[in-house]
Amino acid sequence: MRNERTLKLVTTALMAALSYVVFTYLQIKVTLPGGDATSFHLGNAVCVLGALLLGGVYGGIGGAIGMTIGDLLDPVYIVYAPKTFLLKFCIGLITGLVAHRFGKITHTSDTKRIFRWTLIASICGMAFNVIFDPLIGYFYKLVFLGKPAAELALTWNITTTSVNAVLSVVAASAIYMALRPALIKSGLFIKIGK
């Protein structure tokens with residue numbers, strides 16, 4: 001008999017490590033004037049995948065920890081670490097809430113239903129990020145860097161965040177749908193909620 005809590009903690013740590021690696025080493029950084037930067041990356045896809053596999057809290061924590069460590073170890077992004085932790089945790093919470101509370105994706109074997117709710121949950125989590133990541137970043141830069149720098153960065157942030165969101169929804173949904181049967185077969189699939 002397996003220990004469900006230990007499995008969740010180990011998988012959360014795995015998601016944190018994976019989100020760090022994907023964000024740090026598989027990104028295309030766009031340098032902005034004034035020493036700021038934004039990037040195209042799939043780190044959010046790992047956060048969404050974690051929420052689909054583990055539920056909102058554990059998935060959100062895994063993604064938030066991994067991407068926050070990525071920010072802390074990058075001199076350009078270090079000042080954004082608290083924002084990153086909060087936003088990535090919220091992505092996980094929202095994705096997990098929609099997938100497991102409303103869609104109940106771990107309690108059905110209907111592939112069409114699972115795919116539909118996986119897609120809806122992923123879109124909801126990433127829609128939150130598309131709205132709040134540039135918005136919070138804009139106000140932060142407005143206060144610390146001034147209006148011209150904040151407006152220039154806002155345009156680039158909206159662009160990269162939107163592209164990242166679309167790629168993350170596609171990647172996380174496809175990976176979840178491929179990984180789910182293998183986890184069930186191996187006995188490592190975690191049922192979330194009632």
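**View 1. Helix 1, end to end.** Helix 1 (residues 4-25) has 22 residues, and its first and last C-alpha atoms sit 31 Å apart, close to the 32 Å expected at 1.5 Å a residue. Keep in mind for this and every other view that the model is predicted. Look along helix 1 and you'll find a run of buried residues: L7, K8, T11, T12, M15, A16, S19, Y20, V22 and F23. What covers them? The cover over these buried residues of helix 1 includes strand 2 (37-40), helix 2 and helix 3.

**View 2. Helix 1 against helix 3.** Here the two helices pack at about 35 degrees, and their axes are 7 Å apart. The crossing of helix 1 with helix 3 is right-handed. On the helix 1 side, the residues that do the touching are R5, K8, L9, T12, M15, A16, S19, Y20, F23 and T24. Helix 3 answers with Y58, I61, G62, G63, I65, G66, M67, I69, G70 and D71. Sorted by class, this contact has ten nonpolar residues, seven polar ones and three charged ones.

**View 3. Helix 2, wrapped up.** How many of the residues of helix 2 are buried? Twelve of the twelve are, so helix 2 is largely enclosed by the rest of the structure. If you want to click through them, they are G43, N44, A45, V46, C47, V48, L49, G50, A51, L52, L53 and L54. From its first C-alpha to its last, helix 2 reaches 17 Å, close to the 16 Å expected for twelve residues at 1.5 Å a residue. Just past the end of helix 2 comes G55, with a positive phi of about 95 degrees.

**View 4. Helix 2 meets helix 3.** The axes of helix 2 (residues 43-54) and helix 3 (residues 56-72) come within 6 Å and cross at roughly 155 degrees. That angle makes helix 2 roughly antiparallel to helix 3. The crossing is a right-handed one. Helix 2 puts G43, N44, C47, G50, A51 and L54 into the contact, while helix 3 brings G56, Y58, G59, G60, G63 and M67. What is the split by class between nonpolar, polar and charged residues? There are five nonpolar and seven polar residues, and no charged ones.

**View 5. Helix 3 meets helix 4.** Helix 3 and helix 4 pack at about 155 degrees, with 7 Å between their axes. Helix 3 is therefore roughly antiparallel to helix 4. This crossing, too, is right-handed. From helix 3, the contact takes in G56, V57, G60, I61, G63, A64, I65, M67, T68, D71 and L72. From helix 4, the partners are A81, T84, F85, K88, F89, G92, L93 and G96. By class, that comes to ten nonpolar, seven polar and two charged residues.

**View 6. Zooming in on V57.** V57 belongs to helix 3. Leaving out residues up to four places away in sequence, V57 touches F89 and L93. The C-alpha atoms of V57 and F89 are 7.5 Å apart, although 32 residues separate the two along the chain. Buried, exposed or in between? With a relative accessibility of 45%, V57 counts as partly exposed.

**View 7. Helix 4 and the residue K104.** Helix 4 (residues 81-102) should span 32 Å, because it has 22 residues at 1.5 Å each, and the 31 Å between its end C-alpha atoms agrees. After helix 4 comes K104, which is in the loop between helix 4 and helix 5 (111-145). K104 has a phi near 45 degrees, a positive value in a residue other than glycine. For context, most residues other than glycine have a negative phi. K104 is partly exposed, at 36% relative accessible area.

**View 8. L135 on helix 5.** L135 lies in helix 5. Its relative accessibility is 37%, so L135 counts as partly exposed. The C-alpha atoms of L135 and Y80 are separated by 13 Å, with the two residues 55 apart along the chain.

How values were computed. Residues numbered from 1 in each chain as written. Predicted model: local features only at pLDDT ≥ 70, side-chain atom pairs only at ≥ 80, totals over all residues. Heavy atoms only, no water. Axes fitted to C-alpha atoms, helices over the stretch in contact; angles between N-to-C directions. Helix = DSSP H or I, 4+ residues; strand = E, 2+ residues; numbered from the N terminus. Parallel < 35°, antiparallel > 145°, perpendicular 65-115°, else oblique. Left-handed = near helix turned anticlockwise from the far one by under 90°. Contact = heavy atoms within 4.5 Å. Nonpolar A, V, L, I, M, F, W, Y, C, P; charged D, E, K, R; others polar. Expected span 1.5 Å × (residues − 1). Buried < 20%, exposed > 50% of the residue type's maximum accessible area, 1.4 Å probe, protein only.
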